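Me: I have a structure open here and would like to go through it piece by piece. Could you help me with that?
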Amino acid sequence: MLFGIPSSERPKLSVLGVKWDGSSSYRRGAANAPECIREATSEEIYNSFTEDLVNLAESWTYSDLGDIEGSSFKEIVDSVKRKVEENYSGQKFLFLGGDHSITYATFKALRESSGMDFGLIYFDAHPDCYESYGGDSYSHACTVRRLVEEGYVKGEDVLMIGVRAATKQQVDFARERGIRILKIDEIEYFEGVPFDRAYVSFDIDVLDPAFAPGSSNPEPGGLSTRELIKLIKKMDTDLVAFDIVEVNPEFDCSGITCFAAAKIIREVLGKFA
């Protein structure tokens, strides 16, 4: 798994799957993504070199902490917190979702375990700033709002990229809290990350469905995989952790979406080696 990177008991990277899609508002199935993403990062498919010829096998070591499952979101949040606390020793984390609500659990757990402040870079077609969605205030459509309102990240330390399916109420909330939104038509103006440290969250629906058909909430008009890689290469910050969410194997076609997720992982690891 993971491009031939060697495993270690004192890793530079820990990988944790979060098999939860209980708040998915359209298509269920993202809970099954961790396994398919792991398979797509196999050294049997890819070598350890990135596009810029960074050898990940020389730059990284990793440990796989397995997957977390639960019958309620509270159980997920508690289990993620416990797992991160038990294993955190200053390394980076890669979290495999799951729907986008898992970012609330992982961001919160890492913030509390590390004691550090860090920004949130949020690649998503949607701003996820609803007060409540379908009667659930911890829905995947509410993730950013919960993190901001509960004080885990300041609004001015949130940058959203690729948004193209917002509502006026969500945009109003973002403006009130100082959240920056780089809409899909504005990505050419992206010049880097404005935070010294950042957690980066990739909702696979930031990509156009042509490049990620296996998305729980597909939204046409998105980024190409190439455009996203170009943005990754511009991210100059201290990476604390990153996640890949909303990959839905139930609706994938020939593994296209899982391979896109693997590509994102490889280039992020290369950028922050």
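Me: Where is Asp 128 found?
Reply: This is a predicted model, and in it Asp 128 is found in the loop between strand 4 (119–123) and helix 5 (143–149).

Me: And what about phi of Asp 128?
Reply: Phi of Asp 128 is near 50°, which is a positive value in a residue other than glycine.

Me: Is Asp 128 buried or exposed, and why?
Reply: Asp 128 counts as buried because its relative accessible area is 5%, and the cut-off for buried is under 20%.

Me: Where is Glu 246, and what is its phi near?
Reply: Glu 246 lies in the loop between strand 8 and helix 8, and its phi, near 70°, is again a positive value in a residue other than glycine. With a relative accessibility of 1%, Glu 246 counts as buried.

Me: How does the lining of the largest pocket divide by class?
Reply: Five of the lining residues of the largest pocket are nonpolar, seven are polar and five are charged.

Me: And what lines the second largest pocket?
Reply: The second largest pocket, with about 180 Å³ of space, has a lining that includes Arg 111, Asp 117, Phe 118, Lys 154, Asp 157, Asp 196 and Arg 197. By class, its lining divides into four nonpolar, two polar and six charged residues.

Me: Switching to rings, how many aromatic pairs are there?
Reply: The count comes to 14 aromatic pairs. One of them joins Phe 95 and Tyr 199, which are stacked at 6.3 Å centre to centre with 15° between the planes. That pair links distant parts of the chain, since Phe 95 is in strand 3 (residues 92–97) and Tyr 199 is in strand 7 (residues 197–203), 104 residues apart.

Me: Are those two buried or exposed?
Reply: Phe 95 is buried, with a relative accessible area of 0%, and Tyr 199 likewise counts as buried at 0% relative accessibility.

Me: How is Phe 107 placed against Tyr 199?
Reply: Phe 107 and Tyr 199 form a tilted pair, 5.3 Å centre to centre and with 55° between the planes. This pair also links distant parts of the chain, with Phe 107 in helix 4 (residues 102–114) and Tyr 199 in strand 7, 92 residues apart.

Me: Which residues do ring pairs link into a cluster?
Reply: The cluster consists of Tyr 88, Phe 93, Phe 95, Phe 107, Phe 118 and Tyr 199. Of these, Phe 118 is also among the residues lining the second largest pocket.

Me: What about Arg 27?
Reply: Arg 27 lies over the face of Phe 251, at 4.1 Å from the ring centre.

Me: Now helix 1, what covers its buried residues?
Reply: Six of the eight residues of helix 1 (residues 33–40) are buried, and what covers them includes strand 1 (13–18), strand 2 (62–68), strand 3, strand 8 (238–245) and helix 8. Among the buried ones are Cys 36, Ile 37 and Arg 38.

Me: Is Lys 263 buried or exposed, and what is it in contact with?
Reply: Lys 263, found in helix 8 (residues 256–271), counts as buried at 18% relative accessibility. Leaving aside neighbours within four places in sequence, Lys 263 is in contact with Glu 51, Thr 225 and Ile 229.

Notes. Residues numbered from 1 in each chain as written. Predicted model: local features only at pLDDT ≥ 70, side-chain atom pairs only at ≥ 80, totals over all residues. Heavy atoms only, no water. Nonpolar A, V, L, I, M, F, W, Y, C, P; charged D, E, K, R; others polar. 1 Å grid on protein atoms, 1.4 Å probe; cavity = no way out; pocket = protein on both sides within 12 Å on 5 of 7 lines; lining within 4 Å. Points joined across faces, edges and corners; volume = space filled by probe spheres on them. Phe/Tyr/Trp six-rings, centres within 6.5 Å; stacked < 30°, edge-to-face > 60°. Helix = DSSP H or I, 4+ residues; strand = E, 2+ residues; numbered from the N terminus. Buried < 20%, exposed > 50% of the residue type's maximum accessible area, 1.4 Å probe, protein only. Lys NZ or Arg CZ within 6 Å of the ring centre and 35° of its normal. Contact = heavy atoms within 4.5 Å.
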